[in-house]
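Please walk me through the salt bridges of this model, and then through its nonpolar surface.

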Amino acid sequence: MAQAGKNVIRGMLLSATILGASPAWAQNSDVDARLDRLEALVTGLIERMDAKDEAGSASDIAAAEQARQAIDETRALAERTTAVESRIAEQAAVTQKVAEQSDDANGFNVGKTRVTYGGYVKLDVITERTSGGQVPSGSIARDFLIPGAIPVGGEASGFDTDFSARQTRFFLKTETDVGDDHKIGSHIELDFMVTSGGDERISNSFAPRVRQAYITFDNWLFGQTWSTFQDVSALPEAMDFIGPTPGTVFDRQPMIRYTNGGLQIALEQPETTITTPTGARIVAGDDSLPDMVARYNHKGEFGHLTAAAIGRVLRVNEDDFGLINDSSFGYGVSLSGKLNVGERDDFKFMATAGEGLGRYIGLNIVNDAAVRADGSLAPIATYSGFAAYRHFWNDKWRSTLSGSYFKADNPVLLTTGLVTDESWNVFGNLVYSPVVPLDIGIEYMYAKRRIEDGASGNLQKVQMSAKYKF
């Protein structure tokens, strides 16, 4: 019996050795169950040997104990092997992720920081005429629509043509792995619009400018970007720099913003613009409290809807007009969105109303407030909006048709009749994309401005553009 026990134990030891030496076995999910059964078998064998032969061979008992020890060592080896393979798998996943990122043409790694870049190169060919006066050569008003700069009351111009690559832009984004479940990043964006530079005779050079520069940390944003009061994603596709300019909120500025899901709350740079009794504009620079914005974004398969509200403290000091220090409250609400229509078409819109919103609407068409005789501020009410429909003719061709409108309720006795009363525009375009990153388009725009004394002027523009996005 003792010899038979020895043979059985030897077989178990051999099985345990084979199992422990096989890397593939270490990956088997039922390894623990196998070892438990083997250990129970050895224990039972020892008990039977003891029962049948109390004076059993010491060598048989020792062999059984060796078998139990071999099982324990095999179990420990399996655990160590599983841990090593788990670490190898994790490292392989990290290596694969780094390799995928390294293969990304738009980015690279610098230590723990991931850097990505993008932007576009754009050429614009613009030919336009104005009915109420000539826009000077080199004026920014010849590069894109500025409603408040449409001439009124003068002689009609001919069609003036300009070529420009000033809208070209470039951005860098960073994301740094700081651990502890935190996310930190940055965004820096440059273009060449509304800056000084060369002329059309020789160099056509223009200095770069900062469009956006901000830091993000978890739910916080610190820096310069689009105003929280503006829904950038509601802007329609246009060859013009903005498109429905008279009817849209448009502002970039420094801020502190907190985002939680669809809710955004921000404190943004204050700046009061005032219409003088002669109709001129002054920027007082006396603001002490930030503009406060609350916004909610709702997204779904239908598209998105955005509701935003703003509160402002407008301020003027006695050194501006030699009268009194005064402040007044400005406010406004805006509703905007994009609604999907069919498989690819979409409808975009915005409606905004309030008092003391002048600098936020249509590139500051009118000012935030006028000045009463005693030097106190009278906020100016404004109403604006736009609608745009985009239709895809096929995979390569698409068109957008848009119209916008702006109306101001100026206190004419305080501003004269030379300030803008209303402005509107319509445009339609046709865009061809032979390949996904390249857009070639043509657009016709008609815009009109009327001032409080009844004089008006219009602008007609044909614009052709080629844009390569990267």
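**Salt bridges and a nonpolar patch**

In this predicted model, the side chains of R295 and D231 meet in a salt bridge, with 3.7 Å from N to O; the term stands for a side-chain nitrogen of Lys or Arg within 4 Å of a carboxyl oxygen of Asp or Glu. The pair links distant parts of the chain, R295 being in strand β12 and D231 in the loop between β7 and β8, 64 residues apart. R295 is buried at 11% relative accessible area, and D231 is buried at 2%, where buried means under 20%, exposed over 50% and partly exposed in between (1.4 Å probe, protein chains only). Residues are numbered from 1 along each chain as its sequence is written. Because the model is predicted, local features need pLDDT of at least 70 and side-chain atom pairs count only at pLDDT 80 or more, while totals for chains, interfaces and linings use all residues, and side-chain values use heavy atoms, with hydrogens and water left out.

A second salt bridge joins D251 and R359 at 3.0 Å, N to O. This pair also links distant parts of the chain, with D251 in the loop between β7 and β8 and R359 in the loop between β15 and β16, 108 residues apart. D251 is buried at 9% relative accessibility, and R359 is likewise buried at 9%.

Strand β12 (residues 291-300) also holds M292, which is partly exposed at 41% relative accessibility. M292 belongs to a nonpolar surface patch of about 730 Å², whose members include W220 and F222; such patches are made of residues with over 30% relative accessible area and no salt bridge, like charges being joined within 9 Å and nonpolar side chains (Val, Leu, Ile, Met, Phe, Trp, Tyr) within 5 Å.

How values were computed. Areas by Shrake-Rupley, 256 points an atom, 1.4 Å probe, with all protein chains shown as cover. Helix = DSSP H or I, 4+ residues; strand = E, 2+ residues; numbered from the N terminus.
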